[in-house]
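User: I am new to this structure. Please walk me through the terms used for it and show what backs each one.

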Amino acid sequence: MPEVSARNAARSSSAAINQDFYDTLWSTSSVTSPERFNTWPLLSQLAASAPARLEIGAGLRPRLPIAGTSFVDISRPAVSCLKARGGLAMLGEITALPFPDSSFDLVCAFDIVEHVEDDRRAFHELTRVAKDHGTVIVSVPLHAGRWSAFDDLVGHVRRYEPDELLAILGEHSLVLEQSAMFGMQPRNGWLLDLAVWSMTHKRAQAMRWYNGLFLPLGLLLQRPLAWGPGLIDVTNVDEVLLVCRRDGRRARTVPAEGLRSGSMEALDLGRGNRA
């Protein structure tokens with residue numbers, strides 16, 4: 001019982017940190033059109049053939065077309081803004097999605113599962129609401145050794161090791177089709193330190209600088225996503241974007257010796273790559 005209480009307290013704490021951060025961020029922001037992100041070439045194509053689609057935790061930076069897309073978010077300001085733009089938005093959490101099984105052709109969660117204590121439950125929900133052979137897209141930060149104060153600031157609970165990530169996909173019947181290096185986090189150490197200090201001590205001003213300067217600059221400097229089949233070489237990759245297919249069969253048991261970054265043939269996770 002003490003262990004259960006400790007886990008519940010940890011979940012409550014991380015959820016409170018995330019909600020406080022993103023309520024503050026989205027209440028001082030406006031919606032950024034999904035066409036401005038480097039994910040648009042792929043997602044616009046997928047969305048065109050996915051009448052039932054869901055994006056979780058989009059905030060005011062949705063990657064899917066807003067009108068007609070279902071959104072679930074913990075932030076009330078984000079939900080209100082997405083509704084005003086024609087999104088089917090509601091309050092909720094990734095660990096308890098308010099939809100029946102097999103509801104969506106396309107399910108997306110960008111920079112979400114690393115914020116959740118019970119990430120297995122999050123992956124379970126992602127695959128539960130996806131239709132058989134539907135597309136599930138997630139992005140996650142990599143390499144626990146790269147943990148920084150920025151991870152604490154934005155409410156991360158973990159970074160994933162490649163072997164662990166592949167195992168989780170296999171556990172949840174997700175066939176990895178392609179992946180790409182992802183993310184807009186500053187890579188410069190002093191810039192990261194400045195962002196952490198500003199968000200900690202001068203949050204209102206930092207939000208204005210982020211929305212008015214750093215986000216537009218980041219969008220301008222985005223590079224096209226470089227897709228590779230299966231899992232790309234993630235040795236020097238801070239965050240990865242994964243495009244998966246929901247396998248209609250029961251999840252397979254994968255031997256531990258097969259879990260090596262780059263050994264996708266052993267996992268049979270590299271087939272079916274899209275152009």
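User: What makes the link between threonine 135 and arginine 245 a polar contact?

Analyst: The side chains of threonine 135 and arginine 245 are joined at 3.0 Å. The cut-off is 3.5 Å between N or O atoms, so the pair qualifies. Keep in mind that this is a predicted model.

User: Why is threonine 135 called buried?

Analyst: Its relative accessible area is 4%. Buried means under 20%, so threonine 135 is buried. Threonine 135 lies in strand S5, residues 130-141.

User: Why is proline 77 called partly exposed?

Analyst: Its relative accessibility is 26%. Buried needs under 20% and exposed needs over 50%, so proline 77 falls in between. Proline 77 sits in helix H3, residues 76-84. Its C-alpha atom is 8.9 Å from that of leucine 60, which is 17 residues away along the chain.

User: Where does S5 stand in the sheet, and what is the strand order?

Analyst: The order is S3-S2-S1-S4-S5-S8-S6-S7, with S5 between S4 and S8. The sheet is open, has 8 strands and shows mixed pairing.

User: Why are S3 and S7 said to stand at the edges?

Analyst: Strand S3 (88-91) and strand S7 (228-229) each have a single partner strand, so one side of each has no neighbour in the sheet.

User: How do you know that S6 and S7 pair?

Analyst: There are 2 bridges between S6 (residues 174-181) and S7. Pairing takes at least two bridges, so they pair. The two strands run antiparallel. Glutamine 178 stands opposite proline 229 in S7.

User: What packs on the sheet?

Analyst: Helix H2 (residues 40-48) does, touching S1, S4, S5, S6 and S8. The direction of H2 makes about 155° with that of S4.

User: How do you know that S2 pairs with S1 and with S3?

Analyst: S1 and S2 share 3 bridges, and S2 and S3 share 4. The threshold is at least two, so both pairs count. S1 and S2 pair in the parallel sense, and S2 and S3 run parallel. Isoleucine 56 faces valine 72 in S2, while serine 70 faces leucine 88 in S3.

User: Which way do the residues of S2 point?

Analyst: Ser70 and Val72 point one way, Phe71 and Asp73 the other. All of them are buried.

User: What makes up the largest nonpolar core?

Analyst: This core has 36 residues. Leu54, Ile94, Val107, Phe123, Leu126 and Leu242 have the most contacts inside it. S1, S4, H4, S5, H6, S6 and S8 each supply at least two of its residues. A second, separate core has 14 residues, including Leu43, Leu46, Phe182 and Val243. In soluble globular proteins, nonpolar side chains tend to be buried together.

User: Why is H6 called mostly covered?

Analyst: Of its 10 residues, 7 are buried. Among them are Pro162, Leu165 and Ile168. Serine 173 follows H6, and its phi is positive, near 55°.

User: How confident is the predictor, and what are the pLDDT values?

Analyst: The mean pLDDT is 80, and 68% of residues reach 70 or more. Over residues 1-11 the pLDDT is below 50, and this stretch has 3 contacts beyond near neighbours in sequence. Over residues 250-275 the pLDDT also stays under 50, but the model has 60 contacts there beyond four places in sequence.

Terms used:
Residues numbered from 1 in each chain as written. Heavy atoms only, no water. Buried < 20%, exposed > 50% of the residue type's maximum accessible area, 1.4 Å probe, protein only. Polar contact = N/O pair within 3.5 Å; in protein donor to acceptor, adjacent residues only side chain to side chain. Contact = heavy atoms within 4.5 Å. Axes fitted to C-alpha atoms, helices over the stretch in contact; angles between N-to-C directions. Core = buried A, V, L, I, M, F, W, Y, C linked by side-chain atoms within 4.5 Å. pLDDT = per-residue confidence, 0-100.
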